[in-house]
Amino acid sequence: MKDLHIAAMTLTCAAGSGLDALRASLRDGASGLRRNDYPNCELDTWIGRVEGVENVILEGDLARFQCRNNQLAALALDQDGFRAQAAALLERHRPERIACIVGTSTAGISSTEQAFRELDEAGEFRPEHVMPWVHTPHTSAAYVAAALGLEGPVQTVSTACSSSAKVFATAARLIESGWADAAVVGGVDSLCLSVLYGFHSLELVSPDPCRPFDRARRGLNLGEAAGFAIVEPQPEASLGRLLGWGETSDAHHMASPHPEGAGAIAAMRQALERAGLAPGEIGYVNCHGTATPMNDRIETAALRTVFTDPPPASSTKAWTGHTLGAAGITETVFSLLSLSDGFLPASLNCEDPEPDAADFILREGRRQKVDAVMSNSFGFGGSNCTLIMGAA
Amino acid sequence: MNTRLRILGSGLSAPGLPDIDALSAVLAGGELGEDKPGSGSISLLSPRERRRCPETVRLSMAAAEQACSAAGIDPAQPDAVFTSGMGDLAISDYMCRTLAETPELLSPMRFHNSVHNAAAGYWSIGAGVRGDVTALSGASDSLVTGLIEAASRVAADRRPVLLVIYDTIADGPMRAVWSARHPFACAFLLGVADDDEAAIVLHAEEGLRQDDCPPLTAALIERTADNPAARALHLLALALDGKHGPLRLAARQGPGLRIEPAT
């Protein structure tokens, strides 16, 4: 396998826009969650909403992509000099050799919801809602490729909450097999009624700020985020290396994880094997940690199976909410920050941890240099993805 | 860039085309009917699961099961790539209507079936796949997107991959953005091609803005123009006779593909 580096990255979520703001939030324990104020939604919960998404206007040729998901993506591309990094990548490689792989679960559905709220008398979309580049799961990768001028393979990965972790594996395969020389990868998910009322219908939404791994946890909070990274074999500068990945299926149930975490265990072991690392060489795990009673219990058991003595671990979802299709990129960026900064974030809001997790779940941030970190993402359909990143 | 692949098996599920034999008959000059695809031909789901699962699942699983069986491969074994431009349009319609009228009454089962990887997830459950089953979209480029993804997996992992291509129809206002009138699903079990084996070669071809393929019968050409997924009929024809090529499949973004038979 080629040595793959993360040459650039950025993230925008409720906890902050851009890496500097996020570092400060992680250090200060400043959650981005707020009481639900999403329009047309009466649910009593907290959400991770990004300020100002509504005000972004996509202009010129990009107007065909106008929707909340792509507006959020545009905001994220504006941070950390990412557009300039992409332009520099285009100097190093021909545009048709740069792949664009973006994960999403919500895509443009908030616009589709609106189009259905405003049907005309004949029950059809009003002309302003006839937007073929928006009402498709593919809107995310299509927009990013168009916005950055990338002309290699373009793909949207949509496997629920593992989507934007899998983009790294996809990029690695395209580069390994010669279909691309480098890739812009990422994930974008935006708040919408589908996920707010959908998770509510499954009785998984917490009325309080979520408390991953706490005994008193009451469910998840929905959030939105957009993040991007450049994956390249020989970059000019490196923020970290992609060492391994594992992609597995539970083959169990559409909405419930395997009771023994079989798919999660297999994903972590596959990632370790590909990275050529022993479990003891992982210095930090960023957990899926949604704060639903079942996820955190099963993930704890799975970690105990893979690691006899689990390394320091946390869920960062009490900063961001569960950003679903963007959770993979969100937590990969947090994991890469822990490598570069030597700071392991706490499992915010976890005050009284589950007894089985009490010895390894971080209740406070910790200064500690680590050489390899793991990030877990598990989704509906029993889709699991584990990534392992190493120091540059 | 190119990748050499072997088509180990293929499957088909569309109105009038319930399997590959039906396609052979149409290619030989037979009539193309419009009867509903045979949803009874799925053995991997229990009757209860078959009743409860969405239409995209029934449609895609029938094709996937045929491809594995034609290749003589246990469906639990290969990693799988499901590619669809629009996912489940009937569930999107239900979700958006319910959210507009009575959001508190949203069905939890319809919600978890609304994920784009529902067909992939049910396949993993039905076939018992513990490896990777991914779900992609490339909008109307989904066929090309899926072929490139499957090719890169076979080349990188050196083992067979199941590629499932499907798209259904909009029965409501989404017709304004997706005009297909016939659902379509097909599947290919793709494997590593040794040098002396009959194979296909996929080449990236830039600047291709329109498909260019050898002729099919008029009724089949109508299907390829109707539903972007049905452009795969050309690749099914190539899998059947080893000659129907070269195929040029265009993409609106990214490279198109030139597919040539190779011996």
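## Exercises on a predicted two-chain model

A:C100 stands opposite A:V184 in β7(A). The model is predicted.

**Exercise 1. Find which strands pair with β5(A), and in which sense.**

Step 1. Take β7(A). Six bridges join β5(A) to β7(A), and the two run parallel. The pair A:C100 and A:V184 belongs here.

Step 2. Take β6(A). It pairs with β5(A) over four bridges, also in the parallel sense. Within β6(A), A:V157 is the bridge partner of A:G103.

**Exercise 2. Decide whether the residues of β5(A) are buried or exposed, and sort them by the way they point.**

Step 1. Locate the strand. β5 covers residues 98–103 of chain A.

Step 2. Apply the cut-off: a residue is buried if 20 or more other C-beta atoms lie within 10 Å of its own. Six of the six residues in β5(A) are buried, and the strand is mostly covered.

Step 3. Sort the residues. A:I98, A:C100 and A:V102 point one way. A:A99, A:I101 and A:G103 point the other way. In a regular strand, side chains alternate between the two faces of the sheet.

**Exercise 3. Work out why helix α2 of chain A counts as largely enclosed.**

Step 1. Count. The helix spans residues 68–77 of chain A, and nine of its 10 residues are buried. Therefore α2(A) is largely enclosed by the rest of the structure.

Step 2. Name some of them. The buried residues include A:R68, A:N69, A:L72 and A:L77.

Step 3. Find the neighbours. The buried residues of α2(A) pack against several elements of chain A, among them β1 (4–13), α3 (82–92) and β9 (225–232). β7 (182–189) is also one of these.

**Exercise 4. Give the strand order of the open three-stranded sheet in chain A, and name its edges.**

Step 1. Read the order. It is β3-β4-β8, with mixed pairing.

Step 2. Pick the edges. β3 (34–35) and β8 (222–223) of chain A each pair on one side only.

Step 3. Check one pairing. Two bridges join β4 (residues 46–48) to β8(A), and these strands run parallel. A:G48 stands opposite A:G223.

**Exercise 5. Describe how chain A touches chain B.**

Step 1. Count the contacts. 56 residues of chain A are in contact with 55 residues of chain B.

Step 2. List suppliers. Elements of chain A that each give at least two residues to this side include α4 (109–117), α6 (163–176) and β10 (240–249).

Step 3. Classify. The side of chain A that touches chain B has 23 nonpolar, 24 polar and nine charged residues.

Step 4. Two bridges join β6(A) to β3 (residues 133–137) of chain B, running antiparallel. A:T156 stands opposite B:S137.

**Exercise 6. Name residues that touch the most other members of the largest nonpolar core.**

Step 1. This core holds 229 residues. Among those touching the most other members are A:F168, A:V184, B:L163 and B:V164.

Step 2. Follow B:V164. Not counting residues up to four places away in sequence, its contacts include B:S60, B:A80, B:F82 and B:A187.

**Exercise 7. Judge how compact chain A is.**

Step 1. Count the elements. Chain A has 11 helices and 16 strands.

Step 2. Compare sizes. Its radius of gyration is 19 Å, close to the 21 Å that the globule rule gives for 392 residues, so chain A is as compact as a globular protein of that length.

Step 3. Of the 392 residues of chain A, 67% count as buried.

How values were computed. Residues are numbered from 1 along each chain as its sequence is written. Chains are lettered from A and ligands numbered from 1 in the order in which they are written. This is a predicted model: local features need pLDDT of at least 70, side-chain atom pairs count only at pLDDT 80 or more; totals for chains, interfaces and linings use all residues. A nonpolar core is a set of buried Ala, Val, Leu, Ile, Met, Phe, Trp, Tyr and Cys residues joined through C-beta atoms within 7 Å. A residue is buried if 20 or more other C-beta atoms lie within 10 Å of its own, exposed if 12 or fewer, and partly exposed in between; C-beta atoms are placed from the backbone. Two residues are in contact if their C-beta atoms, placed from the backbone, lie within 7 Å. Ala, Val, Leu, Ile, Met, Phe, Trp, Tyr, Cys and Pro count as nonpolar, Asp, Glu, Lys and Arg as charged, and the others, Gly among them, as polar. Two strands pair if DSSP finds at least two bridges between them. The radius of gyration is taken over C-alpha atoms; the globule rule is 2.2 Å times the number of residues to the power 0.38.
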